[in-house]
Amino acid sequence: MVGIVIVSHSKKVADGLYELADQMTGGKIRIGRSGGTKDGRLGTNVDEIVEEIKKCESGDGVLILVDLGSSVMSAQMALEFLGEDYENKVKIADAPLVEGTIAASVEASIGSDILKVKAVAEAAKNLVKI
Amino acid sequence: MILTTNDVLNIISNISEVIETNRQYLTDLDAAIGDADHGINLDRGFKAVKEKMPQFLDKDIGAILKNVGMVLVSTVGGASGPLYGTFFMRMGNVVSGKNTLDENDIVAMFEAGLSGIKERGKAQAGDKTMIDAMEPALNELKSTLSEGRGLKEAIEAAANDAYNGVLMTKDIAAKKGRASYLGERSIGHQDPGATSAYLMIKTVADYVDKLQQ
Ligand SMILES: Nc1ncnc2c1ncn2[C@@H]1O[C@H](COP(=O)(O)OP(=O)(O)O)[C@@H](O)[C@H]1O
Ligand SMILES: [Mg+2]
C-alpha cells in the first residue's frame with residue numbers, strides 16, 4: 001500500500017494530523033511525519049523526512065504532504081538525497097495539508113496506486129465546505 | 001590571485017562569526033516581513049558548520065563546500081537551509097578535487113551556486129529574495145574581472161553591488177517566500193535573505209582584501 005508522509009514546520013501540527021489520519025485508516029497504511037527542526041524549533045528537517053520516507057515505503061510508493069514554503073524545498077531535497085531507487089515512487093502532493101492528508105490516507109487505505117492517491121490529495125484543493 | 005584550501009576554511013569560519021554577530025539584526029529584519037527567525041536559523045546552521053570544521057581539514061575545496069552545504073540543509077530549518085545548502089553544494093560540485101581556486105573557478109562556483117538557488121526556490125531577480133543581492137554581485141564580479149582589474153577589486157565591487165541590491169529590496173514587493181503573504185505591504189522593508197547574502201559576500205571581500213598577494 002502507498003505510504004503517506006506528513007511534513008510541517010510544527011511538530012504539534014504533524015503529530016495532530018498523524019492522529020487524525022491514523023484514526024481514519026485504523027492502522028491499515030504506514031503514515032510517517034516530520035515536524036520541526038532537530039533542536040525543537042519551528043522549521044523543517046530534511047534528514048528526518050528522508051528517514052520517514054524510508055519507513056513508509058513498502059514497495060508501492062509514498063506520497064508527501066507539505067505545509068508552507070520551506071517544507072516543499074526540504075521535501076524535494078529529501079527526494080534528491082534518496083536518489084534513483086525512490087525517484088518514480090515518491091511524490092510530493094500540491095495539496096492543502098490537512099484535507100489532503102486525510103483524503104490521501106483514506107484513498108491509500110483502499111489500495112489505490114500512488115498516482116490515484118496523489119490525484120485525490122490534490123483534488124482536496126477544491127473541496128467545498130459550506 | 002589564488003585562494004587556497006586554508007583561505008576557504010578561514011572564510012567559512014569568518015562567515016560563521018559574521019552571522020553570529022548579525023543574528024539579532026537578521027532576525028529583526030525577518031520579524032518585519034516573515035517569522036522572525038532568519039538570524040536564528042543561519043546562526044544555528046553556521047554554528048553546526050563550525051563544529052564540523054575539524055573534520056574538513058584534510059579535504060579538498062570541493063568536498064569542504066559540499067559538506068558545508070549538507071550541514072546547512074540538515075540544521076537550518078527554514079527556507080534559507082535548502083537554499084544556502086544548495087548554493088554551497090553546487091559550488092562544491094564545480095571545484096571537486098581542487099586545492100586552489102583561480103578567478104575562473106570563483107566565477108564558475110558563484111554561477112553554479114546561484115543557479116542552484118534559482119532552481120530550488122523558483123525565484124528570480126526582483127522577487128525580493130537573496131537573489132537580489134547575489135545576481136548583481138555576480139554580474140559585477142564578472143565584468144570587473146573581464147576588465148582585468150583583479151580579484152580584490154572585483155570582489156569589493158561585487159560586495160558593493162550586493163549592498164545596492166539589498167537596499168533595492170526595500171522598494172519592491174515580495175513574490176517568493178513567507179514575505180509574499182504580505183504582498184504590497186512588504187514594501188519599505190529590507191529582505192533578510194538578501195541581507196545575509198550581502199554579509200557573506202562582504203566577508204569574502206574583506207578577507208581577500210587583507211591577503212598579501
Ligand atoms: N523561493 C525562494 N527563493 C530564494 N530565496 C528565498 C525563497 N524563499 C525565501 N527566500 C529567502 O529566504 C529568506 C528567509 O529565510 P528564513 O527566514 O531562514 O526562512 P523561512 O522563510 O522559512 O523562515 C528570505 O528573506 C528570502 O531572501
Ligand atoms: Mg524566517
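## The cavity

By the rule used here, there is one cavity of 30 Å³ or more. On a 1 Å grid over the protein atoms alone, a cavity is a set of points where a 1.4 Å probe fits but cannot get out, while a pocket is an open set with protein on both sides within 12 Å along at least five of seven lines; lining residues have an atom within 4 Å of a point. Grid points are joined across faces, edges and corners, and a volume is the space filled by probe spheres set on the points.

This is a predicted model, in which local features need pLDDT of at least 70, side-chain atom pairs count only at pLDDT 80 or more, and totals for chains, interfaces and linings use all residues. Residues are numbered from 1 along each chain as its sequence is written, chains are lettered from A and ligands numbered from 1 in the order in which they are written, and side-chain values use heavy atoms, with hydrogens and water left out.

The largest cavity holds about 430 Å³ of space. Its lining has 22 residues, with B:Ile11, B:Phe87, B:Met91, B:Met109 and B:Val204 nearest the centre. The lining divides into 22 nonpolar, no polar and no charged residues; Ala, Val, Leu, Ile, Met, Phe, Trp, Tyr, Cys and Pro count as nonpolar, Asp, Glu, Lys and Arg as charged, and the others, Gly among them, as polar.

## The largest pocket

The volume of the largest pocket is about 1000 Å³. It is lined by 45 residues, and A:Gly69, A:Met73, B:Ala79, B:Gly177 and B:Arg178 are the closest to its centre. By class, 18 of the lining residues are nonpolar, 15 polar and twelve charged.

Ligand 1 sits in this pocket, meaning that more than half of its atoms lie within 2 Å of the pocket's grid points.

## Around ligand 1

Ligand 1 is surrounded by 20 residues, and the closest are B:Asp35, B:His38, B:Ala79, B:Ser80 and B:Asp191; a residue is near if one of its heavy atoms lies within 4 Å. This shell contains six nonpolar, eight polar and six charged residues.

A nitrogen atom of the ligand is 2.9 Å from a backbone N or O atom of B:Gly121.

## The second largest pocket

The second largest pocket has a volume of about 170 Å³. Residues from chains A and B line it, including A:His9, A:Arg41, B:Asp35 and B:Arg178. Its lining has three nonpolar, two polar and five charged residues.

Notes:
A polar contact is a pair of N or O atoms within 3.5 Å; within protein, one must be able to donate a hydrogen and the other to accept it, and residues adjacent in sequence count only if both atoms are side-chain atoms.
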